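Please have the structure in view while reading.

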Amino acid sequence: MKEGAIVYFSNQTFRTYYQMLQPRDRGGKLGRETTSGLAYFFSLDRLQRTLGSEIIDLHPESEERHEFIDMFVETLLIGFDEDNRELQASNLGFVEIVENSLEKKVSSNFLTVPVKKGSRQQDLLPYPGRPGPLVNLGVLTTTHDKWGITKNPDWKENFPKFINRRICGEDTFPLIVFLLRDKALVNLESNDAQVILESSLKDFITDETAEFLVSLAEVPEEWGTANFFSENYVPLADYTEFIDSLPQEEIAVAADTEVLPIASPPFEINSALTKKIEAAIRAGSHIILTGPPGTGKTTIAKAISANFKGADGYKTYTATSNWTAFEVLGGYLPDPSDPQRLQFEEGFITRSIAENQWVIIDEINRADVDKAFGELFTVLTGNSVHLPYYKFVSEQDGTIKRKKITIMPESERVLSEDNQENYFVQADWRIIGTMNTFDKSSLYQLSYAFMRRFAFIEVEPPSSAGMEEILGQKINQMQINEEVKEEVKVYLIKLFAVGLYSIKYEVGVAIPISIINYLEKRIGNIGELEEPIGEIIIEAISMYLFPQFEGRRRDFDSLLQVIVSSLDIEEPVLKSSLIKELTNWTGNIG
């Protein structure tokens, strides 16, 4: 290379070697965790070089804290997209575009949790815990007590663990290319690639770290060939090949998880609904699916859970008015091994958190949520909470140790203490509830405190025309007499696709489909019916539709009028039978 020339790694070189930083195993969190660990290390190292100090003060009032944040952003910021959003290297080898800025990430995670913990404990806090510490937190500073950070004495031994499960193995050359991606190379008059790399790195990191990185680098044979370098720095423009879905902390679901098309219930779910549900889950929300009966809310909840977590990754519970905090979170029961002593028994929520299984709560508004969910409100906001219970553990010396039952986010694991029995909430853990809007006025009202912690998504029935089309197709498939089939079609379409819509009492497709299935078995493929078809249909709707009107005595008259009109009921005996059945369910007292 010519002396005095300004040379950068070319865009092609960056692309080639940046891909080699991708984890060999695409699943799990290790790629993201090791990237964060490296970013904290290099932010510290760069400040050590700039300030000439081994200990950096990360106290909230320290200027060095703000400089550390700047260094972190510079380390992982690749550029900006056309909408001026950050292109982040939060998982080395990939590019992520999210609303949560790098500055916010380091402030709300590293500086808020482990750094603060280090400042409060007596001993130094080696960090991160896995795959091995690169820094020590809780170091004494001259002005702000134990808010300091410095390198861990074993950082050189641990450093290879942060890259050895990537495609590059322990070769640090791809990492060096990443660190120098926007920096001009120096000492170009040398013919020794290692000298050039070392000199270039020493321009912004400490000499010790630069020499260490170069000692592990395998300089490729392509060094110095055409297109390996460029006279101009070219920011990454086409980054699509590096996109690896949305990041873990943004979607709270594994990055390669794909929501599959919802295959059931046996009718089409519009794509807008699917997109809403998927986006809400990926945004980190718990969900309540609302809508009239028969719209497939529970079936959709199961399909969503299975698609994200697998067939065994969720459990379904039906809410009842008898639920208390004991059923939901847990409480004391006699210890089977020592009936004279009480022991904490998990509720279904604490058990699901321990197993990282999603929870589906069917008919959630049948429970008094304020009474039953209690401390769960705090958990759903992403905060830790101590339950008013202890777990009693027998020690080797025969003493009994009391541990406070605590639910906390996985991100706060480093804050856990030995006197706690912890339930760690994983970032991808979700609750999906269903709520029948027909019951909304007659059952428990959800408090605003509860509702704030969920995304409410309405599962609407099809339009009147859509309902008519679906029922027509289903009735055409019935194995019954053709003339009877036509009568069934006329009556059910008039009731479910016209009549109930006229009084704003639309129900989902599942209810009329259940009626159709029943009628097919009830009627059978016979020439003539022994009973009037209207009587058999009333029998069917009494079984499947009327239970949805429980307690709706104010709507008795309008419901009766619609049903009589839709089914062309004129016979007094038949009408009397209808009134009796509808009265039983609505509670009408005349």
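## Backbone and helix packing

Asparagine 356 lies in the loop between α14 (348-355) and β13 (358-362), where helices (H or I, at least four residues) and strands (E, at least two) are DSSP runs numbered from the N terminus. Its phi is near 50 degrees, a positive value in a residue other than glycine. This is a predicted model, in which local features need pLDDT of at least 70, side-chain atom pairs count only at pLDDT 80 or more, and totals for chains, interfaces and linings use all residues. Residues are numbered from 1 along each chain as its sequence is written, and side-chain values use heavy atoms, with hydrogens and water left out.

Lysine 504, in the loop between α19 (482-502) and α20 (510-523), also has a positive phi, of about 60 degrees, although it is not a glycine. At 66% relative accessibility, lysine 504 counts as exposed (buried means under 20% relative accessible area, exposed over 50%, partly exposed in between, with a 1.4 Å probe and protein chains only).

Proline 128 lies in the loop between β5 (125-127) and β6 (135-139), and proline 131 lies in the loop between β5 and β6 as well.

| Cis peptide bond | Omega |
|---|---|
| tyrosine 127 to proline 128 | near -5 degrees |
| arginine 130 to proline 131 | near 0 degrees |

Elsewhere, the axes of helix α21 (residues 533-544) and helix α23 (residues 572-586) come within 11 Å and cross at roughly 0 degrees, the axes being lines fitted to C-alpha atoms over the stretch in contact, with angles from 0 to 180 degrees between N-to-C directions.
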